[in-house]
Amino acid sequence: MTDERTQVGRIIGTKEARPLEFWVGVDESEYVQLDEVVAVTTKLPRPLADGRDEVVHYGVVDMVESAYEGASFHSDVFRDADGTLPVAVSTIAHVSVTRVGMMPAEPDTEVLVPPRPGQAVRHAEGNERDFALYFDKMDRRFPAGLSRDGQPVYGNLEFLDGSRGAHVNISGISGVATKTTYALFLLYGMFHSDSLRNAHNAHAIVFNVKGEDLLFLDKPNGKLPPDEHRKYAALGLPVGPFADVGLWAPAEKGDVVLPDTGSRSEGVTPYYWTLREFCRDRMLRFLFADADDETSQLSFVVTQVERFLEAQMEHQAPDRGEVAIDVGAGAPFNADSLHVLVDIICDNIDAIAPRAAEGTRQAFARRFEAAVTAVAPLIRTVRDADAKTNRFDWTRHQVNVIDINRLNDRAKRFVVGVVVRRLMQDKEQSPSREPLVFLVLDELNKYAPREGRSPIKEVVLDIAERGRSLGVVLIGAEQTASEIERR
């Protein structure tokens, strides 16, 4: 079994070897690096029932250490340099066992015994590497990237598309765009994978939270290094932009509906919602989406106002964009803009939410008035029929980029909350899980923080807990996973 050309070292005897972990003394003429896959064959004292008398431990290197042997003090490094102290340098690597068995895999050949000191350790290459990482068991797999030594790594699509599991979380430092880039790479790999059933019918919703790079997903990357083509080829992927991309940006202020973007406006659809939708679909809660709002008495007032506005919509003329508000004090008020609607609600909050405390009603009015400036361009007095082309529709394109980069935090939360809730409503009305929808949500800690409650958090948790059954897969990203709600 042992191929001397790929041998990297031997099991050491100064640290315990266990069935699921062991240490390797690395040969002076070799090296191992993190994430490499190695194997060691152990001879058994007696043969198994099927006649085999050896077992192979496969594992991944997760730690590499170098140290002096024969030195007692840190300053001995200088004595070694002077040649006055005889020492030797040793390099050892820790291996976490991924699989124990023999090829081909048999259910009764897994014997959990430790490898023995002195046994030769080799690189696991080719079929052995695939066996070690269970690639041979992945009937449906997708390209997950390349290992440090440039070899393909695959993921089991059944644990991502909802068949046996769903959702992905990506953590990492800020400022290098690695998290967003990898989320997009996952989408690209899956949409080009033969393993994703009906890949042509799958969709993705990506929120662009910073910069404008994502507004160019439909354009080739002119700065792609030549070596990247080789890497894509190793994964069986073509090099190119996403084929079917829809770009959405918030509408600018003013009567003319234009996308509020920076360097690109061509091919970008401005999005907004109508004043009637705002009242009818209970969007008010997403203007009060701070994590501490739900735990305060404000949530009670928000619910009362939402119910009031929803009831008002039962008696509206269908061919108008304005909203008639009847507070029971004479003729109805005509709200022909979000600003006017806010004034009517705040002036009559005592009648609309009579059971709330006076201080809470006033706090609600202050927050509502402050929020209207942030979202005013997103709520327009337009007939529902006339707003159809500017209403976000995730079914129009395979990849849908929703730009929220230039919005303030309150408006960002509003857009995310409204879009995600409507997605869940659409999927709940669908007769099947398909088409799959992948929701990419960066800065997940803002929308599902570890502490507190909010309307957006409840929607995100609903996806985490029920999305698998509805065909909604969450790809979340944040700097620190510990900041996210554990559920």
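Here is a short chat about a predicted model and the terms used for it.

Me: What should I know about the model before we start?
Reply: It's predicted, so local features need pLDDT of at least 70, side-chain atom pairs count only at pLDDT 80 or more, and totals for chains, interfaces and linings use all residues. Residues are numbered from 1 along each chain as its sequence is written, and side-chain values use heavy atoms, with hydrogens and water left out.

Me: Why is E443 called buried?
Reply: Buried means under 20% relative accessible area (exposed is over 50%, partly exposed in between, with a 1.4 Å probe and protein chains only). E443 has 18%, so it counts as buried. E443 sits in the loop between β18 and α11 (444-447), and its phi is near 55 degrees, a positive value in a residue other than glycine.

Me: What makes β9 and β19 a pair?
Reply: Strands (E, at least two residues) are DSSP runs, as are helices (H or I, at least four), numbered from the N terminus. Two strands pair if DSSP finds at least two bridges between them. β9 and β19 (residues 472-478) have four bridges, in the parallel sense, so they pass that test. Within this pairing, S171 stands opposite E478 in β19.

Me: What is the strand order in the open sheet?
Reply: The seven strands run β9-β19-β18-β10-β17-β11-β12, with parallel pairing.

Me: Why are β9 and β12 said to stand at the edges?
Reply: β9 (168-171) and β12 (268-271) each have a single partner strand, so one side of each is left without a neighbour in the sheet.

Me: What makes the peptide bond from E434 to P435 stand out?
Reply: That bond is cis, with omega near 5 degrees. P435 is in the loop between α10 (409-428) and β18.
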